[in-house]
Amino acid sequence: MVQPDNSRIVVLGTGGTIAGTAARAGDHTGYTAAQLGVAQLLDAIGTLPAALRGRTLVAEQVAQIDSKDMSFALWQQLAARCAHWLADPAVQGLVITHGTDTLEETAYFLQAVLQPCKPVVLTCAMRPATALAPDGPQNLLDAVTVAVDSDAASHGVVAVCAGVVHSARDVRKSHPYRLDAFGSGEAGALGYVEENAVRWVRREPVSIDSHRPISIQKLGKVKQAPRVEIVMNHAGASGVIVDLLVKDGVRGLIAAGTGNGTLHHDLEAALLRAKAAGVKVVRATRCAQGRVLPRPADAFADSNGLSPVKARVALMLELLAVDTR
Ligand code: SIN
């Protein structure tokens with residue numbers, strides 16, 4: 001039979017709990033992440049052919065890590081493989097299996113550097129594959145359902161977990177254990193996967209940046225990412241860490257402020273010293289919801305609503321864009 005042009009869904013494996021195994025089925029925390037290959041994960045889903053609706057699957061193992069260990073080098077590699085497959089006219093969309101711990105950072109990074117016109121769907125699991133009732137197979141099936149959906153492309157990179165579709169910009173891990181561990185905060189979910197179909201509830205097209213901060217070709221040649229660190233405001237915060245980081249050559253700092261981005265005066269003084277020394281400083285809030293409301297006289301740029309970890313990715317890419325101009 002002749003396949004239609006966009007006849008393939010590519011699933012890229014990177015590890016995580018979705019590929020994790022434990023010695024006992026009841027063990028949901030004492031397992032080892034990143035043990036099973038992505039092809040094995042797909043083989044375990046008997047209902048996959050129905051979700052594919054005639055498309056064929058291609059599986060590729062890009063990495064096998066616990067996502068707490070995610071690195072810039074692996075992001076470079078993953079972005080390159082995504083770009084390779086997205087350029088193939090026979091590919092309709094990509095699914096990426098990923099650990100939950102840094103999924104939101106990878107999602108934001110990939111959206112920024114790929115700005116894809118085809119679906120790129122990250123998925124994950126909170127329970128290892130050996131659990132009595134693992135959530136990975138359903139999440140992977142749901143992710144394939146989203147990748148096949150004709151409306152998915154307009155949303156750019158998305159994340160699917162526990163039947164909920166989140167945008168790369170808004171997705172955030174908000175619980176360390178529950179199966180529905182992700183939320184989109186005030187923005188709300190993009191959609192829901194129900195009975196093998198996607199119900200989109202938010203229609204606005206994706207907008208992270210009007211241009212790519214760096215081309216995939218240039219990104220692949222970067223030897224070392226600009227160092228950007230996160231410092232948090234808290235009761236008793238001091239500027240010691242900031243001063244040490246500046247001495248150590250940090251290029252950018254994200255200040256995860258309290259409330260509306262407020263900073264202990266000792267930390268603020270150190271950040272002002274850092275700024276005077278040429279370090280880029282961006283202010284975010286450590287609050288799980290909402291954003292910093294900036295005022296014209298603010299000494300530091302605000303993160304434009306990005307969480308501290310995503311603001312870190314954005315600043316790193318901004319510095320890279322300048323370095324590689
Ligand atoms: C990881 O992030 O790789 C481990 C934790 C998880 O996937 O839930």
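How many salt bridges does a search of the whole structure find? The search finds 14. The legends below cover some of them, and start with the overall fold. The model is predicted.

Figure 1. The C-alpha trace spans about 65 × 45 × 35 Å along its principal axes. A compact globule of 325 residues would have a radius of gyration near 20 Å, and the protein agrees, because its own value is 20 Å. Of the 325 residues, 51% count as buried. The accessible surface comes to about 14700 Å². Carbon and sulfur atoms hold 53% of that surface. Residues 24 or more positions apart account for 73% of them.

**Figure 2. The charges of the protein, 32 positive and 30 negative.** The mean position of the positive charges lies 5 Å from that of the negative charges. Side chains of opposite charge can pair when their charged atoms come close. The next views show such pairs.

**Figure 3. A salt bridge between Asp27 and Arg24.** The two side chains meet at 3.6 Å, N to O. Arg24 is exposed, with a relative accessible area of 55%, over the 50% cut-off.

**Figure 4. A salt bridge between Arg199 and Glu194.** The closest N and O atoms are 2.8 Å apart. Arg199 is partly exposed, with a relative accessible area of 40%. Glu194 also counts as partly exposed, at 36% relative accessibility.

**Figure 5. A salt bridge between Arg251 and Asp323.** The closest N and O atoms of this pair are 3.0 Å apart. Where do the partners lie? Arg251 sits in the loop between α7 (240–247) and β12 (252–257). Asp323 belongs to helix α9 (residues 308–323). The pair therefore ties together parts that are 72 residues apart in sequence. Arg251 counts as partly exposed, at 32% relative accessibility. Asp323 counts as partly exposed too, at 42%.

**Figure 6. A network of Arg227, Glu229 and Asp248.** Salt bridges that share partners join these residues into one network.

**Figure 7. Asn196, in the loop between β9 (191–194) and β10 (197–200).** Asn196 is partly exposed, with a relative accessible area of 43%. Which residues does Asn196 touch, not counting those up to four places away in sequence? They are Arg53, Leu141 and Thr145. Val146 is 50 residues from Asn196 along the chain. The C-alpha atoms of Asn196 and Val146 are separated by 8.9 Å.

**Figure 8. Asp135, a buried residue with no salt bridge.** Asp135 is placed in the loop between β4 (120–123) and α5 (136–148). Which side chain of opposite charge is nearest to Asp135? The nearest is Arg127, 5.5 Å away. Leaving out residues up to four places away in sequence, Asp135 touches Ala125, Met126, Arg127 and Leu179.

How values were computed: Residues numbered from 1 in each chain as written. Predicted model: local features only at pLDDT ≥ 70, side-chain atom pairs only at ≥ 80, totals over all residues. Heavy atoms only, no water. Rg over C-alpha atoms; globule rule 2.2 N^0.38 Å. Buried < 20%, exposed > 50% of the residue type's maximum accessible area, 1.4 Å probe, protein only. Contact = heavy atoms within 4.5 Å. Areas by Shrake-Rupley, 256 points an atom, 1.4 Å probe, with all protein chains shown as cover. Lys, Arg positive; Asp, Glu negative; His and termini not counted. Charge placed at Lys NZ, Arg CZ, Asp CG, Glu CD. Salt bridge = Lys/Arg side-chain N within 4 Å of Asp/Glu carboxyl O. Helix = DSSP H or I, 4+ residues; strand = E, 2+ residues; numbered from the N terminus.
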